[in-house]
Structures are given as structure tokens and as C-alpha cells.
Amino acid sequence: MRALRLHGVRDLRLEDVPAPERPGPGEVLVAPQRAGICGTDLREYTGPGGAVPDQPHPLTGVARPVILGHEFSATVLAVGEGVTGVSAGDAVAVMPLQHCGVCAQCLRGEMVLCENKAWTGLGTKWGGLAERAIVPAYQATSLRGMSYEQGAVVEPAAVSLHAVDRAGVGPGDRVLVTGCGPIGALAILAAFASGAATVFFTEPQSQRAALGTAFGGTCVQGESVAAQVDEIRGWTGGSGVDAAIDCAGKAPGLALCIESTRMGGTISVPAVHVQPRAVNVWRITRRSLSVRGSQGYSRAAWDRTIALAASGRYPIERVVTSTVPFADVIRRGFDVLLDPTGSEVKVVVAIA
């Protein structure tokens, strides 16, 4: 079968590898249909990464080269012994989080914080950017009539919805989202799906800003943090937003969240900050702000993402800007997304 394997930095190959034959107990054999390219995939390709193990992973025993693809939808081909939730022929979205089930975090029900977790398509034998894959049955969730393209966006959409949940967004709230890449754009949609009345956002790239505006967001135009704070406070009668979600992963965006959130408000940070940040703790304390990290998603957020998307209230497919053929995934997917002058936001790969 064809599979996209990461061998090392800037060493990504679409190659033929042996296909999985049959699922074991509690496993599902699937044929991936659509797969999204994530920022994590891009970082692993360009380096330095950190998500793909150089040494055998403690949960899966896998090290590079690995088959990429952790955002994908698929058709179930066969199920192993004891599997009851899905059947051959079902269309599913694959939740890529694999957890050990025995560490302290898993026993508390917080699987995304598992001390030994692995992600399908980053630290496992199989991934979604391949013609076949085997996954644990608990990862396969019915698409409820949604398209395979929608199914490929469920994973990042769950990240965004979880971040919105962590920010405590509710009906009538005013929300700020920094950055309008895939997670930020989906956070705008998720905030509205959660009842937000107004969503402000920042984004310097014009095509991405246009997408945020098309989603109903209001783009903050100020060129400095101070100007943006004044703009947001002007729109909110001086009080600031109820919740802020940092999807940019940059120091100015985090500072804007702190300065633009009302007293007693909440800031959620799903963004990956690769550098340490100097944070004004005095402002957080004096304004009684809550700052909450947001890693991945809970099972509840995953299931709610699918329910909201299937209902039409969370139109996650709108974030997709291109669908490209599997045979051209590197040139038209990875290379295009890495082009700083490019206009793509979310690229989905057609596997079948």
C-alpha cells in the first residue's frame, strides 16, 4: 500500500509499505478516505519537532520512520474480536489519542493528559496518510451522516471546541481569538456554536483574515498590542472580552489576551508556544484572570464536536481551503502550507 512516511527532517517519502492484514482483539482495520495536514506534521517535517519519537515509544514501541496522519476519516473494513461499536462498512472519524489506561491521569478520566500517551499518525505503527490502518476500536466514531471531508476536520475542530470550553464561553459572551490559522478559524466557529454573541480576532495574513471575517468574526486592525487593546475596549464599552483564546502562540497575542480580557474573565491557551514567555502576572492577579492551558480534547469535547458538526451548528468543513490528491501530497500539501506567501489554511488529502 502507499503511505506517507517521515524518515527525518525534510525527509518525507510517499512509498510502498506492507499493508496491515487483519485487526486483533479490540482493533479496527480501516481504509482512510480523507486526511488533514496539521501544523504538528509541518513542524515534524521541517524540524525541530518532538512529537515523532526517535527512540521506541513507551506505549507503542514505535520510532521513526512513521506513517503520518492524525486527522482522518475512514471506512471500516473489518473489526477484531470483541468490537461492538462499529461494523464493516461504517464511515468513521478517527480520534488519534491512544492512552495507557493505568497511569494516574487515565485513572482520573483525563486521557489527554496520559503520562504514556501516543498519537496515531505520530507515534504509532499506522497513520491516516496511508491506504490502510489499524486503530483501537475506541478511536473510531461514527460520522453520523457527515462527509469524509468533514470527518477529516473533526480532530482539529475538537481541539478548538475544547479550548472554547476551557475558556468558559457561553451564550452572549464576547470572545477574542488570536490567530486565524486552522485552530483559530475553527475556534471562531466553535465560539459561535457555544453561544458567543461577538468574536473578535487578530490575523496579519490577509487571506486568513478574510476567512475569519467570512465566519462572522470581527478583525482587530490595530498594528500594536496597545492599539488592539484600545480597539477591543472601545467595542466593549471599556470592559473587555469575557474570554480570550490564544491560537497564535506568539508573545504579542498572549499579551493581548491578558490586556483585553475583562476583570474575572478567562484565557484559554491551546497554542503551542515553542519559546518561554514573560507573562505579566501582576496584571493577571489584579484583574482576577483565569489562565488555562488547553491540550488536545476530552472525550466529551470529541463527541460534542461530532454532534454539533452533524447538526450543522458547527460547520467545520468551512475551514478546508483545498483538497489535494494523495499522489501529490508533498508538493501540493506540505510545500504549499510551508510557503509564507501562500493563502491556504486547511489542506485535506484525498487518500481514496
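**Exercise 1. How many disulfides does a search of the whole structure find?**

Let's work through this predicted model together.

- Step 1: Recall that a disulfide is a covalent bond between the sulfur atoms of two cysteines.
- Step 2: The search of the whole structure gives zero disulfides.
- Step 3: Take Cys38, which is in no disulfide: its nearest cysteine sulfur belongs to Cys247 and lies 13 Å away. Cys38 also counts as buried, because its relative accessibility is 15% and the cut-off for buried is under 20%.
- Step 4: Now try Cys100. Its closest cysteine sulfur, in Cys114, is 3.6 Å away, so the pair is too far apart for a bond; the cut-off is 2.5 Å.

**Exercise 2. Find which residues of helix 1 are buried, and what covers them.**

- Step 1: Locate helix 1 at residues 39-46.
- Step 2: Pick out its buried residues: Thr40, Asp41, Leu42, Glu44 and Tyr45.
- Step 3: Look at what covers these residues. The cover includes strand 1 (2-8), strand 2 (11-16), strand 3 (27-36) and helix 10 (329-338).
- Step 4: Move on to what follows helix 1: Gly47, with a positive phi near 75°.

**Exercise 3. Describe how helix 6 and helix 7 pack.**

- Step 1: Two packed helices are described by the angle between their axes and the distance between the axes.
- Step 2: For helix 6 (residues 225-235) and helix 7 (residues 251-260), the angle is about 35° and the axes are 10 Å apart.
- Step 3: Their crossing is right-handed.
- Step 4: Helix 6 makes the contact with Val225, Gln228, Val229, Ile232 and Arg233, and helix 7 with Pro252, Leu256, Glu259 and Ser260.
- Step 5: Sorted by class, this contact has five nonpolar, two polar and two charged residues.

How values were computed: Residues numbered from 1 in each chain as written. Predicted model: local features only at pLDDT ≥ 70, side-chain atom pairs only at ≥ 80, totals over all residues. Heavy atoms only, no water. Buried < 20%, exposed > 50% of the residue type's maximum accessible area, 1.4 Å probe, protein only. Helix = DSSP H or I, 4+ residues; strand = E, 2+ residues; numbered from the N terminus. Contact = heavy atoms within 4.5 Å. Axes fitted to C-alpha atoms, helices over the stretch in contact; angles between N-to-C directions. Left-handed = near helix turned anticlockwise from the far one by under 90°. Nonpolar A, V, L, I, M, F, W, Y, C, P; charged D, E, K, R; others polar.
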